[in-house]
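Please look over the model shown here. The report then takes its main features in turn.

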Amino acid sequence: RRVEALKMKEEVLALRRKVLGAEHPETLRAMASLAISYDAAGRRDEALKMREEVLALSRKVLGAEHPETLRAMNNLAGSYDDDGRRDEALKMREEVLALRRKVLGAEHPSTLGAMNNLTISYRDGGRRDEALKMGEEVLALYRKVLGVEHPDTLKAIENLAFSYSDAAGRMDEAIKLHEEVLMLKRKALGAEHPDTLGTMTDLASFYFSAGRLPEAIELQERSLALKRRVLPKTHPYFAAALGNMAGFYAAADRLDEAKKLREELAALRSPVDASAPPVALVLIAPTSEWKWLHPTDGVDPQAGDPDFHTTFFAPDYDDSGWKTGTDSAHPNGGFGYGRDFSGQDIGTPLNPDHRHSAYFRHRFTTEKPHAHLELRCQRDDALIVYLDGKEVVRDNLPAGPDSYRLSATQPQGPENDGVIHRFPIAGTLNPGVHTLAISVHNPEGPSSDLRIGGITLVEVESMEDGE
């Protein structure tokens, strides 16, 4: 009952300011609590503003190293992260960790929480090796300090599993850890606890990413059946299960079942409950059809039109003459992975002088606003992604409008073929028709191994709440 909670917290804050004063520690706690409710209600600008105010007052009243000040820093870092200000979030989380180690000690639970949050920022920022190293370190400490079945230990296992899923060739380890979490949650919380059911959905998604579609469908069907029985339909885990199940059915060509679930999800989300947080929903599935163009089709468009790379991203670009290809959810399938999966070949250019590149466009329609977007795909090449004409992802390439002509900053090798790369996208997607445009490049010159597959656009829940 988030609306009632938010209203009461506003009343509490007004009364504490009146009775205790604007700078009393209890007033600051009321502000921090209200910011959490603003965040849960989707009023993230208000949450961020209030958290900045709480931090400034905490530093003034309590001091820069007080535990409540460090808590305020941690929560503000979460708001920065939600707002797409990931560099600021990461920097602040590094400061929080350093201060908590100094003030509380290396093994204090709050210090471990700071490590866990920093692991997330490292992973979101593409610093995967650091995320993996810290994830392994914090999990070992959690097991030592809090025990194997503590909820924070389980969260650390899940975070490490996501880091393994980002690392080349470690999806099996990611799945093994998530299977361990599910077993532990069933033991500690029960088979029908909401957190247990949420982990079932996560594990099903891991199976799906690994190409184990029958296992993904079987587990998600059991998860959805349990959620229908024990969760209210307003619970975000229920909506997440509907969206994922629909995506799995679509990948298995069970289109009627997928359509039925998506209709159920649409009815569930209409009208939008302003107090409900964003829920997981597949907006573009790996089985979607894309318009695509590659230099093998003839003249490299970059040679004949120097502005092509800019104009092709525009939502109204005319792609009517392009090929139509269907992506694949298979870990070794997708555009360029072989005719068995994509039916297309975007391999070696006919003209060896052409720079190796390919261009993809997909139009889709949304009926409701969506936030917390994330693009997922497999690729071992550089890419640039535009959503409705605005650049939202640039990976393995320097910045600048013509940088696709330059050398890669972080060359990726073929060992990354089976990795699912996850790219958070800041901002809100409003109702209407949208265009996702992707250009894929081998910036070091023409080659025969350009590829991309498993392209998925999802709305995900915020990964963490304020403390």
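What follows goes from the whole chain to its cores, strands and charged pairs.

## Basis of the model

This is a predicted model: local features need pLDDT of at least 70, side-chain atom pairs count only at pLDDT 80 or more, and totals for chains, interfaces and linings use all residues. Residues are numbered from 1 along each chain as its sequence is written, and side-chain values use heavy atoms, with hydrogens and water left out.

## The chain as a whole

The chain has 16 helices and 10 strands. Both are DSSP runs numbered from the N terminus: helices are H or I with at least four residues, strands are E with at least two. Of the 467 residues, 50% count as buried. Buried means under 20% relative accessible area, exposed means over 50%, and partly exposed lies in between (1.4 Å probe, protein chains only).

The chain exposes about 20,600 Å². Carbon and sulfur atoms supply 51% of that area. Accessible areas come from the Shrake-Rupley method with a 1.4 Å probe; for residues, only the protein chains shown count as cover. Among contacts with a separation of 6 or more, 71% come from residues 24 or more positions apart. Contact means heavy atoms within 4.5 Å.

## Nonpolar cores

The largest nonpolar core holds 105 residues. Such a core is a set of buried Ala, Val, Leu, Ile, Met, Phe, Trp, Tyr and Cys residues joined through side-chain atoms within 4.5 Å. F360, L436, I438 and I452 touch the most other members. Helix 12 (residues 236-251) gives the largest share of this core, 10 residues. A second, separate core has 11 residues, including L293, F308, F312 and I384.

What does L436 touch, leaving aside neighbours within four places in sequence? The contacts of L436 are I284, W290, F360, R361, H362, F364, L375, V385, Y386 and L387.

## F206 in helix 10

F206 lies in helix 10 (residues 194-209). Is F206 buried or exposed? F206 counts as buried because its relative accessibility is 5%. Not counting residues up to four places away in sequence, F206 touches A161, F162, S165, M171, A174, I175 and H178. One of these contacts is M171. M171 is 35 residues from F206 along the chain, and their C-alpha atoms are separated by 8.1 Å.

## An open sheet and a hairpin

Four strands form an open sheet in the order 1-10-5-8, with antiparallel pairing. Strand 1 (281-284) and strand 8 (421-425) stand at the edges. Each has a single partner strand, so one side of each is left without a neighbour in the sheet. The twist averages 30 degrees from one strand to the next. For such angles, axes are lines fitted to C-alpha atoms, for helices over the stretch in contact, and angles run from 0 to 180 degrees between N-to-C directions. Strand 5 (residues 373-379) and strand 8 are antiparallel over five bridges. Two strands pair if DSSP finds at least two bridges between them. The bridge partner of L373 in strand 8 is I425. In a regular strand the side chains alternate between the two faces of the sheet.

Strand 6 (residues 382-387) and strand 7 (residues 390-395) also pair in the antiparallel sense, over five bridges. L387 stands opposite K390 in strand 7. The hairpin of these strands has two residues between them, and D388 takes a positive phi near 55 degrees.

## Salt bridges

How many salt bridges are there? The count comes to 30. A salt bridge is a side-chain nitrogen of Lys or Arg within 4 Å of a carboxyl oxygen of Asp or Glu. R1 and E4 meet in one, at 2.8 Å from N to O. R1 counts as exposed at 77% relative accessibility, and E4 as partly exposed at 45%. E257 and R254 form another, at 2.7 Å from N to O. Both are partly exposed: E257 at 33%, R254 at 30%.

The side chains of R16 and E26 meet at 3.6 Å, N to O. This pair links distant parts of the chain: R16 is in helix 1 (residues 2-19) and E26 in helix 2 (residues 25-40), 10 residues apart. R16 is partly exposed at 28% relative accessibility, and E26 is partly exposed at 29%. R16 and E26 also belong to a network of salt bridges with R29, E68 and R71.
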